[in-house]
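Work through the exercises below with the sequence and the 3D view at hand, trying each task before reading its solution.

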Amino acid sequence: MSAEASGPAAAAAEAPALEVPKPPGLEPGPGAPGLRPLTPNSKYVKLNVGGSLHYTTLRTLTAQDTLLKAMFSGRAEVLTDAGGWVLIDRSGRHFSTILNYLRDGSVPLPDNARELGELLGEARYYLVQGLVEDCQLALQQKRENLSPLCLIPTVTSPQEEQQLLASTSKPVVKLLHNRSNNKYSYTSTSDDNLLKNIELFDKLALRFHGRLLFLKDVLGDEICCWSFYGQGRKIAEVCCTSIVYATEKKQTKVEFPEARIFEETLNILIYETPRGPDLALLEATEGAAGGGGAGRGEDDENREHRVRRIHVRRHITHDERPHGQQIVFKD
């Protein structure tokens, strides 16, 4: 039997090896082993931007009429270190985004308004006009679509008030102020006290806006009255008006019980939990109303009594003064 191989295997062994042609431009060059630029514009450039290192090409840097094109086309001075890194004295945080915009013509913009403003500053420095316009448009849209954190509804009807109370799980603080609802004149300090009540309401709304729902009412019968609701039920009420005799005619007095209002605002926070207030905390805050050690039924009764107790006002509908005697009624 012959030792010579026969068949397809022998034919494959006798066939000369095929050489796969290399794409032009990928042959090793003298300056960069393994790589050789196809054109001068594709030469890689090493950039040191504020300590952030980047590799890119001259084609990318000169793609648009920007400061980078001026730097790498010979129109502006370029500083390099001993290692051949081009030094740019700017923060490198958003420089990758600048390069990607020069490569693709568009980039995803940051969602954060602060980062968007930083990117806008870098785009302006490098004179990337298209990116500047995109950032400005995105910032404008964020300002227009900004939703306020603190919303204070104004009650326009009793039905609307009931709907608001039923639709929220938060405790509610409502201020009713209606200066026009008065058939008597005001005392000398009443206007100032009315404004102080409104100012305190605004401060409380800003401080507790995430925990309490604040309502304004300008249609009720009272002139200035605070109401506090927990789980849809009125827990406390502070009326700030009374009728007094300061002169020969009746006058309306508006008070500013700041400490009492702030105390009731803190007390209403115990109704934040869906299951209702903690009994131990309720006893501690309502001890003055006789709530210590009370059962559930007695507790409800004491809270109803507490609502009546802090509703301090005295309206005199007729003249009770003895003849020839002037009496001043105060709360």
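**Exercise 1: a pair of helices**

The axes of α5 and α6 come within 9 Å and cross at roughly 155 degrees, where axes are lines fitted to C-alpha atoms, for helices over the stretch in contact, and angles run from 0 to 180 degrees between N-to-C directions. This is a predicted model, in which local features need pLDDT of at least 70 and side-chain atom pairs count only at pLDDT 80 or more, while totals for chains, interfaces and linings use all residues. Residues are numbered from 1 along each chain as its sequence is written, and side-chain values use heavy atoms, with hydrogens and water left out.

Task: work out how α5 and α6 are oriented to each other, and which residues make the contact.

Solution. Angles over 145 degrees count as roughly antiparallel, and α5 and α6 are therefore roughly antiparallel to each other. The contact (heavy atoms within 4.5 Å) involves residues of α5 including Leu116, Leu120 and Ala123, and residues of α6 including Leu131, Cys135 and Leu139. Helices here are DSSP runs of H or I with at least four residues, strands are runs of E with at least two, and both are numbered from the N terminus.

**Exercise 2: the largest core**

Task: find which residues of the largest nonpolar core touch the most other members.

Solution. Begin with the term: a nonpolar core is a set of buried Ala, Val, Leu, Ile, Met, Phe, Trp, Tyr and Cys residues joined through side-chain atoms within 4.5 Å, and buried means under 20% relative accessible area (1.4 Å probe, protein chains only). Of the 27 residues in this core, Leu47, Leu68, Phe72, Ile98, Tyr126 and Leu131 touch the most other members. Among the elements that each supply at least two residues of this core are β1 (44-49), α5 (113-125) and α6 (129-144). Leaving aside neighbours within four places in sequence, Tyr126 is in contact with Val49, Thr66, Leu67, Leu68, Ile88, Arg90, Phe95 and Ile98.

**Exercise 3: a covered strand**

Task: decide how many residues of β6 are buried, and which strands β6 joins.

Solution. First, six of the six residues of β6 (172-177) are buried. Val172, Lys174 and Leu176 lie on one side, and Val173, Leu175 and His177 on the other. Next, five bridges join β6 to β8 (213-217), and these strands run parallel, whereas six bridges join β6 to β9 (224-230) in an antiparallel arrangement. Finally, take Leu175, whose bridge partner is Lys216 in β8 and Trp226 in β9.

Methods. Buried means under 20% relative accessible area, exposed over 50%, partly exposed in between (1.4 Å probe, protein chains only). Two strands pair if DSSP finds at least two bridges between them. Angles under 35 degrees count as roughly parallel, over 145 as roughly antiparallel, 65 to 115 as roughly perpendicular and the rest as oblique.
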